[in-house]
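Have the sequence and the 3D view at hand as you read.

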Amino acid sequence: ATWQEPVENYYDEELFQAELNQIFKRIPLPLALSVELDGKNTYKAMEAAGVPVVITRDAKGEVHAMLNICRHRGALICAPGYGQSRALTCPYHAWSYSMDGGELKGIYGELTFGDFDKSERGLVQLPVVETAGLIFVCLTPGLEIDIDSWLGDFRPVLEALKLEETHVFSSRQMPGLHWKVVIEGFLEGYHFASLHPN
């Protein structure tokens, strides 16, 4: 049988937001290759499904993921891209956070703030797992990632790619495509003869 998808499903903003919230903010998303954070005290910042994220590799080589939002005034801490630093420092008021989980380490002019619990003002941590050369992040704080269950029988295929041995040549975003168009394009082979004749 054939199926005809209603066009409204591609343009309904309310449906799209529900899909983001109920699907993409609750599953492990492969947001970085391991080699993108190839040294200690490195980071990658990006926006994923409308959520500002920063992924770090700390001085011990462990990976962490946090909301890229300062806990003082909500400024973006890191501009999108890559960097290396011993701390993540907000460009607005210079609050600084550790690379190993976003603990609030320094407050510019701290004596002018009075008493408050710094341990409650660390960056909001996101669930993160590194496996098969990929760093998976869940955009909802507090959820757990069961990466073995998520990857299932696909793990050996992913491991066979040896992504941890690759080199990132370039990276780009392609705005404007609805996620359903991307999925459908990758699931059908009807376009091969005309679009990929060689």
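Is C78 buried or exposed? C78 is buried, because its relative accessible area is 6%, where buried means under 20% relative accessible area, exposed over 50%, and partly exposed in between (1.4 Å probe, protein chains only).

A word on the ground rules: this is a predicted model, in which local features need pLDDT of at least 70 and side-chain atom pairs count only at pLDDT 80 or more, while totals for chains, interfaces and linings use all residues. Residues are numbered from 1 along each chain as its sequence is written, and side-chain values use heavy atoms, with hydrogens and water left out.

**Cysteines**

Searching the whole structure turns up zero disulfides, a disulfide being a pair of cysteine sulfur atoms within 2.5 Å. C70 is buried too, at 5% relative accessible area.

| Cysteine | Nearest cysteine sulfur | Distance |
|---|---|---|
| C70 | C90 | 3.9 Å |
| C78 | C90 | 9.4 Å |

For C70, that spacing is too far for a bond.

Strand β2 covers residues 42-48, and six of its seven residues are buried. Strands here are DSSP runs (E, at least two residues), numbered from the N terminus, and two of them pair if DSSP finds at least two bridges between them. With β3 (residues 51-57), β2 pairs antiparallel over seven bridges, and E47 sits opposite P52 there. Two residues lie between the strands of this hairpin, where A49 has a positive phi near 50°. β2 also runs antiparallel to β5 (residues 81-84), joined by four bridges, with Y43 opposite G83.
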